[in-house]
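Let's take a walk through this protein together, starting from the inside. Have the sequence and the 3D view ready.

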Amino acid sequence: MNIKISVVIPAYNEELFLPRLLKSLKKQTFKEKFEVIVVDNNSTDKTVSVAKSFNAKVVVEKNQGYAQSCNRGFFAAKGEIIARADADYVVPEGWLQEIYDTFKKDSSLIGIGGPTYPLESTWLENVFYYPFVLIWMYILKVFRRGYLFPNMAVKKEAFYKTGGWNTKIAFGEDQNMCVQLKEIGEVGIVPNMYVYTSVRKLRFLGLFKHLFGYSFANQINMAFGIQKFVGMESVRVVPLQAPRPDKPGFYLFFMPIVVSMLVLLGTIFLSVKPVQADVIKEGSKLAIVHIQTKITNFQKQLTGKLPISNIQNAH
C-alpha cells in the first residue's frame, strides 16, 4: 500500500511539546497509509527517544537551521503529499483527511495551507486572534506575497521542482516556498485545515516584543531584503497541562466585527486631507529609517546588548 501523506516535523529539543503533536497524529481519522518523520536537528534532550516511542521515523540533520531540517525531512518523505507541522502543534482529528480531500477535489492545486490558532490563549485574545489569522493570509495573497505558513502541505513532485527550501534565509522560509510554488502551479488557502500551536514565543517575549520586535519587524526585514531577524532564539517553555482547544467556529463568528474595525480605520486614514507628493515621499523615507532603527535596537535589546531604556530614545 502506497504512502499517501508524509508529515515532516523539524525538531530541536522538543521533548516537552512533541508528545502532544504525536498523540494528535495517532488520533487521525484518515484511513489511508501515512508516515510521520521527525527531523532531529542536533537535539540534546529526549526528542529522539520521544519520537521513537510513537513509532515515528527519525532522520538527522546536522546543519543547524529550520530550512535545513525541512529539506532533510521533505527529501526523505515517501508520500505523494508532504505536510509540514511544527513540533509544538496539536492537530485536529480530521487534519490529514482535510489535506487529502482538498487535493483530490481540485487536481490543479500543488500546495495548500491553513490557519494556525493558539492553544493556551484566553477567549478574549481568541476573539481577535482567530479572525485576524485568516484575514492576514488573504491580505498577503491579495498583495501577491507568500501566504503559507508552517501549517502547509505540497505535492511531492511540485516540491522537487522548487529545488527545496531556501537555506539562505533565517525567517519566512514558508512564505518563500509559497512564492516558489505559485510560479509552477496553484496554491490555495484552506480555512478548515487549521491546527493549534503553543503561544510560548508570545509568552516568552511578551505581547509588545512579539508584535513589533518579532512579527512586524521581521516582515519589514523580509520586504527590504534584510537578513537580520528578531527573536529567532530558541524558546523552550513548559506547556500548560491538558490543553483543551476550542473549535474555531465560535471565534470566527467575530470576524465581521474585526473586518468592520479594519474598514473603519482604513476609511479614517483615506479621509485625511491629501498632502503633496514630495511630502509623502520624504515622509516615507523618514519612516523607513525610523523602522529600521527600531528593528536594530530590538535586535540588540533581545540579545542583551542594549538597555531597554535606549529603545525609548530611538527616534
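The largest nonpolar core has 32 residues, and Ile5, Ile9, Leu25, Trp95 and Ile99 are the ones with the most contacts inside it. A nonpolar core here is a set of buried Ala, Val, Leu, Ile, Met, Phe, Trp, Tyr and Cys residues joined through side-chain atoms within 4.5 Å. Buried means under 20% relative accessible area, exposed means over 50%, and partly exposed lies in between (1.4 Å probe, protein chains only). Before going on, note that this is a predicted model: local features need pLDDT of at least 70, side-chain atom pairs count only at pLDDT 80 or more, and totals for chains, interfaces and linings use all residues. Residues are numbered from 1 along each chain as its sequence is written, and side-chain values use heavy atoms, leaving out hydrogens and water.

Who builds this core? Strand 1 (5-11), helix 1 (18-26), strand 2 (34-40), helix 2 (47-53), strand 4 (81-84), helix 4 and strand 6 (109-113) each give two or more residues to it. Helix 4 gives the most, with five residues. (Helices, H or I with at least four residues, and strands, E with at least two, are DSSP runs numbered from the N terminus.)

Lys4 is found in the segment before strand 1. Leaving aside neighbours within four places in sequence, its contacts (heavy atoms within 4.5 Å) include Phe30, Glu32 and Tyr100.

Now for some rings. A search of the whole structure finds nine aromatic pairs, meaning Phe, Tyr and Trp rings (six-membered for Trp) with centres within 6.5 Å; planes under 30 degrees apart are stacked, over 60 edge-to-face and the rest tilted. The rings of Phe74 and Trp165 have centres 5.3 Å apart and planes at 85 degrees, so this pair is edge-to-face. Phe74 lies in helix 3 (residues 66-76) and Trp165 in the loop between helix 6 (156-162) and helix 7 (173-182), so the pair ties together parts 91 residues apart in sequence. Phe74, Phe75, Phe159, Tyr160 and Trp165 form one aromatic cluster.
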